[in-house]
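Subject: Structure handover

Hi,

Here is the structure we talked about. My notes on it follow below.

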Amino acid sequence: MTAIATTKVAVETLDDWLALCLKEAVGSDGADMAEHVFRWEMPKNATFGDLSNSVAFKLAAKRKAPPPQVAQSLVDALWEQLERHDGKAWVDAIEIKGGYLNVFLSQKALTSVLKRVLQSK
């Protein structure tokens, strides 16, 4: 996949870009968290989206709120970051399942990833 260029930042992969947006959405509460906390994983169940992250569980104690409530605040902040980085076209939806953030990628994002895979062969 070619680098994702937005008006504010350029990163090499969709995963890097989503991790950056999530880290910025978490804000200062995540300052002491390791970088891997902001990485996205593929959920075992496809109904949970294309990518999933559990950072809300790590923030719950710090924010003194249950993980689903923390996750909801992160969804709103994540959408703001996506808009800030001109990336709303890369994500169709963000849902919460039990405190997990679940991202559903757009056709544009999936096509870009597929092109990168096919070009690497």
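Arg 63 is partly exposed, at 27% relative accessible area (buried is under 20%, exposed over 50%, partly exposed in between; 1.4 Å probe, protein chains only). The side chain of Arg 63 forms a salt bridge with that of Asp 29, at 2.7 Å from N to O (a salt bridge being a side-chain nitrogen of Lys or Arg within 4 Å of a carboxyl oxygen of Asp or Glu). This pair links distant parts of the chain. Arg 63 sits in helix α2 (residues 55-63), and Asp 29 in the loop between α1 and β3, 34 residues away. Asp 29 is also partly exposed, with 22% relative accessibility.

Some ground rules. This is a predicted model: local features need pLDDT of at least 70 and side-chain atom pairs count only at pLDDT 80 or more, while totals for chains, interfaces and linings use all residues. Residues are numbered from 1 along each chain as its sequence is written, and side-chain values use heavy atoms, with hydrogens and water left out. Helices (H or I, at least four residues) and strands (E, at least two) are DSSP runs, numbered from the N terminus.

On to the other salt bridges. The count is seven. One of them joins Arg 39 and Asp 15, at 2.4 Å from N to O. Arg 39 is in the loop between α1 (14-26) and β3 (51-53) and Asp 15 is in helix α1, so the pair ties together parts 24 residues apart in sequence. Both ends are partly exposed: Arg 39 has a relative accessible area of 31%, and Asp 15 has 24%. Asp 16 comes in here as well: Asp 15, Asp 16 and Arg 39 are linked in a network of salt bridges.

Another salt bridge pairs Glu 83 with Lys 88, where the closest N and O atoms are 3.9 Å apart. Lys 88 is partly exposed, at 40% relative accessibility.

Next, the backbone. Most residues other than glycine have a negative phi. Which residues have a positive phi although they are not glycine? Lys 64 is one, with a phi of about 50°. Lys 64 lies in the loop between α2 and α3 (67-84). Its relative accessible area is 77%, so Lys 64 counts as exposed. Asp 86 is another, with a phi of about 55°. Asp 86 is in the loop between α3 and β4 (91-97). At 44% relative accessibility, Asp 86 is partly exposed.

Best regards
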